Amino acid sequence: MEDYQQWNILVDKTNIARASIEISDLPELEEDQILLKIDGYALTANNISYASAGDMMGYWNFFPAQDRTNGIVPVWGYATIVETANLEFEVGMRFYGFYPMGSHVIVTPNEGDTSSGFVDIAQHRAEMAPIYNHYHKVSDTHIGDHETEALRAIVQPLFMTSFLIEHQFRNETWFDAQNIVITSASSKTAMALAYMVRGESEDIRRIGITSAANRDFITESDLYDEVITYDDMLDTDIGLDPEENIVLVDFAGSAKTLCDIHKHMGDNLKFSSRIGLTHVAEVGDIDDIVGPKPVFFFAPAAAQEFIHSFGQAEFDAQSGRALYGFMDYMAGQLDIITIDGPEHVKQSYEQLLQGKISANQGLYVVV
């Protein structure tokens with residue numbers, strides 16, 4: 001094996017605003033392992049949620065840092081085999097999947113049919129949600145030019161969450177509500193949810209809550225029937241109507257915003273779902289919240305439930321059709337910003353954390 005050096009962005013688990021760069025030598029490959037050089041990956045609010053829930057949801061366990069006081073944030077993207085100790089895999093093969101915010105990763109593919117990809121069966125990942133351990137051959141995911149690859153890396157992971165939320169709510173007949181209220185409406189996952197509801201549940205009215213700075217962008221997106229700012233959301237004349245039945249999907253993670261909406265809507269809040277943490281600085285205690293207890297939505301579990309009920313082929317077919325439609329839509333909405341080098345990746349992570357990335361920008365790292 002050649003002497004490869006890797007870099008990773010380390011995040012302090014006790015304060016995710018503290019990030020640093022680690023450069024180290026890669027260990028020798030063990031039998032059946034492969035070394036992947038990461039080609040590129042997306043940076044989105046999704047990754048901030050991974051860091052925020054790193055301990056609670058086990059995200060630090062996928063790519064453990066040598067110093068366990070630090071964690072490595074997972075990202076979605078592409079990588080190419082540069083060394084192999086596995087006869088089933090050749091140098092040059094490319095895969096889409098879950099990678100560290102860094103430059104390289106060593107994985108242990110499963111035995112059996114690996115014609116379309118593989119599952120990492122490394123011991124430290126054995127208890128993790130299966131969806132994160134699958135790596136798909138790029139040739140099998142219909143990915144081509146840089147812009148398309150970047151767009152898919154940015155959109156696909158968050159879109160699958162929104163695809164599953166809409167499917168679950170529709171199966172529950174929308175909990176007898178006629179409206180969906182979505183916080184952090186300019187986040188890409190929120191936009192994906194609004195897109196799915198518009199296409200699959202057109203009778204449900206879509207209400208987005210966003211900052212004043214993002215209001216015009218979200219209004220012009222044509223994904224929401226109504227756009228309300230956080231400042232106005234409790235104003236009964238121009239904000240949320242407490243007489244309407246709603247379901248709430250909270251991507252923001254702000255304890256105050258969540259509690260305020262619950263109190264304002266009272267018994268007309270039929271279901272409350274928590275997903276993202278885009279407003280990290282506002283996360284807090286909601287033990288005394290009024291109304292239904294917010295339910296945390298975990299997309300991998302919902303995906304497994306869908307697959308168990310309808311099969312992998314049906315899941316792939318339905319989600320794939322919807323994904324390509326949303327990618328076509330987002331291609332006209334997003335400016336893709338290309339980033340390279342660990343210093344720029346660290347800076348971009350910090351800007352995401354501080355909410356300094358514009359809603360119409362998509363960050364893509366080229367390693």
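Modeller: A contact means heavy atoms within 4.5 Å. This is a predicted model, and in the protein, residues 24 or more positions apart account for 71% of the contacts with a separation of 6 or more.

Biologist: What makes the radius of gyration agree with that of a compact globule?

Modeller: The rule is 2.2 Å times the number of residues to the power 0.38. For 367 residues it puts a compact globule near 21 Å; the protein has 21 Å, so the two agree. The C-alpha trace spans about 65 × 40 × 35 Å along its principal axes.

Biologist: Which helix and strand counts go with that, and how much of the protein is buried?

Modeller: There are eight helices and 17 strands. Of the 367 residues, 56% count as buried. The accessible surface is about 16400 Å², and carbon and sulfur atoms hold 45% of that area.

Biologist: Why is W174 called buried?

Modeller: Buried means under 20% relative accessible area. W174 has 6%, so it counts as buried. W174 sits in the loop between α2 and β10 (179-182).

Biologist: Why is D32 called partly exposed?

Modeller: The class runs between the 20% limit for buried and the 50% limit for exposed. D32 is at 31%, so it falls in that class. Its place is the loop between β2 (19-25) and β3 (34-43).

Biologist: How many cavities of 30 Å³ or more does the search find?

Modeller: One, over the whole structure. The largest cavity has a volume of about 50 Å³.

Biologist: What makes a residue part of its lining, and which residues qualify?

Modeller: A lining residue has an atom within 4 Å of a cavity point. For the largest cavity these are A42, T44, N46, N47, W76, A153, I154, P157 and L158. Two elements give two or more residues each: α1 (45-52) and α2 (146-171). The largest share, four residues, comes from α2.

Biologist: How do you know the classes in that lining?

Modeller: Ala, Ile, Leu, Pro and Trp are among the types that count as nonpolar. Asp, Glu, Lys and Arg count as charged. The lining of the largest cavity therefore has six nonpolar, three polar and no charged residues.

Technical notes. Residues numbered from 1 in each chain as written. Predicted model: local features only at pLDDT ≥ 70, side-chain atom pairs only at ≥ 80, totals over all residues. Heavy atoms only, no water. 1 Å grid on protein atoms, 1.4 Å probe; cavity = no way out; pocket = protein on both sides within 12 Å on 5 of 7 lines; lining within 4 Å. Points joined across faces, edges and corners; volume = space filled by probe spheres on them. Buried < 20%, exposed > 50% of the residue type's maximum accessible area, 1.4 Å probe, protein only. Areas by Shrake-Rupley, 256 points an atom, 1.4 Å probe, with all protein chains shown as cover.
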